[in-house]
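Dear colleague,

I am handing over the structure below, and after it I go through what was found. Please keep it open beside this message while you read.

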Amino acid sequence: MQGMRDAWEQVKEMRGREEEAHQRAAFLAMAWKEGVHTDIVVKPGTGPPIPAHKAILAARSEVFRHMLAADERCKAPAGDAISLPELTHGELDLFLAFLYTGALENNKDDDGDHQLHALLVAADKYDVPFLRRACEARLAAAVDASNVLRTLEVADLSSSAALRERAMDTLVHHAEQVVFSPEYDDFAVRNAGLCVEITRALLGKMKTAPL
C-alpha cells in the first residue's frame, strides 16, 4: 500500500509540474500577443514586423543570443530589430509562437506543409533543436508521393538525416509515380546531387527485389 501511495504522489507531482509548465507558457504567450514590455521587433521577408522580447529569443536560441549580444556591444541603432528574411509574416508568427510556448501550432491552411518546411529550415539555421525535432516528426508522418520531392529538398537543405531517409524511402516506394511526374523535371534541374542519390537508391532496390 505504501508503494502505491508513493507512486500516486509521484504522479500528482508530475501532473503538477506539467500544469505549471503549461501555465508559464500561457503567461508568456499572453505577454507576447498583447505586446507587454516587448523590446525588439523581428522583421520577416514579407509583411509587417512582429514585436518580441530579447530575453525569450536569447533563451531559446544560441544564434539569437550571439546576435543580440553583438548588437549590445555595438550599440547600433538597429539593435532593437532583427531580420529573418527567409520567413513570411505567417511563418515568423508560428516560429515566435513556438519560442514562447514550446508548442507547434496546428495549421489548417492548405499551405501547412510549406510552412513546416520553412520552420524546419529556420530551426536548423537559428539552432532551435526542439522545434527541429517537432517539424521532423510532423513532416515524416505526412510525407507521401505528392509532397516527397519538396520534403526531400528541405531535408537536404536543413541537414535532417531522419527526414531525408524517410523521404527517400517514400520516393523509392512510389518511384514510378514520382519520377514520371511533371514536378520531377524541375526538381532534377535544381537538385542534380539528389537525383544521383535517387538513381542509386532505385538501382539498389532493383538488386534486392526478388526475381
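Does Phe98 count as buried or exposed? Phe98 counts as buried, because its relative accessibility is 4%, where buried means under 20% relative accessible area, exposed over 50%, and partly exposed in between, with a 1.4 Å probe and protein chains only.

Before going further, please note that this is a predicted model, in which local features need pLDDT of at least 70 and side-chain atom pairs count only at pLDDT 80 or more, while totals for chains, interfaces and linings use all residues. Residues are numbered from 1 along each chain as its sequence is written, and side-chain values use heavy atoms, with hydrogens and water left out.

**The sheet**

Three strands form an open sheet with mixed pairing, and their order is β2-β1-β3. Helices (H or I, at least four residues) and strands (E, at least two) are DSSP runs numbered from the N terminus, and two strands pair if DSSP finds at least two bridges between them. At the edges stand β2 (50-52) and β3 (81-88), and because each has a single partner strand, one side of each is left without a neighbour in the sheet. From one strand to the next, the twist averages 30°. Strand β1 (residues 40-46) pairs with β3 in the parallel sense over five bridges, and Lys43 stands opposite Ser83 in β3. Helix α4 (residues 89-101) packs on this sheet and touches β1, β2 and β3, while its direction makes about 115° with that of β3. For such angles, axes are lines fitted to C-alpha atoms, for helices over the stretch in contact, and the angles run from 0 to 180 degrees between N-to-C directions; contact means heavy atoms within 4.5 Å.

**The aromatic pairs**

The structure holds five aromatic pairs. Rings of Phe, Tyr and Trp (its six-membered ring) pair if their centres lie within 6.5 Å, and planes under 30 degrees apart count as stacked, over 60 as edge-to-face and the rest as tilted. One of the pairs is that of Phe64 and Phe95, which is edge-to-face, with 6.2 Å from centre to centre and 70° between the planes. This pair links distant parts of the chain, since Phe64 lies in helix α3 (residues 62-74) and Phe95 in helix α4, 31 residues apart. Phe64 is buried, with a relative accessible area of 1%, and Phe95 is buried too, with a relative accessible area of 0%. Another pair is formed by Phe98 and Phe130, which is tilted, at 5.5 Å centre to centre with 55° between the planes. It also links distant parts of the chain, with Phe98 in helix α4 and Phe130 in helix α6 (residues 129-142), 32 residues apart. Whereas Phe98 is buried, Phe130 is partly exposed, with a relative accessible area of 47%. Finally, Phe64, Phe95 and Tyr126 form one aromatic cluster.

**Around Ser61**

Ser61 has its place in the loop between α2 (54-60) and α3, and it is buried, with a relative accessible area of 1%. Although Ser61 and Tyr126 are 65 residues apart along the chain, their C-alpha atoms are separated by 6.3 Å. If residues up to four places away in sequence are not counted, Ser61 touches Tyr126, Asp127 and Val128. A polar atom of the side chain of Ser61 also lies 3.1 Å from the backbone nitrogen of Phe64.

**Two residues with positive phi**

Asp127 lies in the loop between α5 (112-125) and α6, and its phi is near 60°, a positive value in a residue other than glycine. At 37% relative accessibility, Asp127 counts as partly exposed. Ser159, in the loop between α7 (148-157) and α8 (161-173), has a positive phi of about 55° although it is not a glycine, and at 55% relative accessibility it counts as exposed.

**A helix crossing**

The axes of helix α10 (residues 182-190) and helix α11 (residues 192-208) come within 5 Å and cross at roughly 115°. Tyr184, Phe187, Ala188 and Arg190 of α10 make this contact with Ala192, Leu194, Cys195 and Ile198 of α11.

Methods: A polar contact is a pair of N or O atoms within 3.5 Å; within protein, one must be able to donate a hydrogen and the other to accept it, and residues adjacent in sequence count only if both atoms are side-chain atoms.
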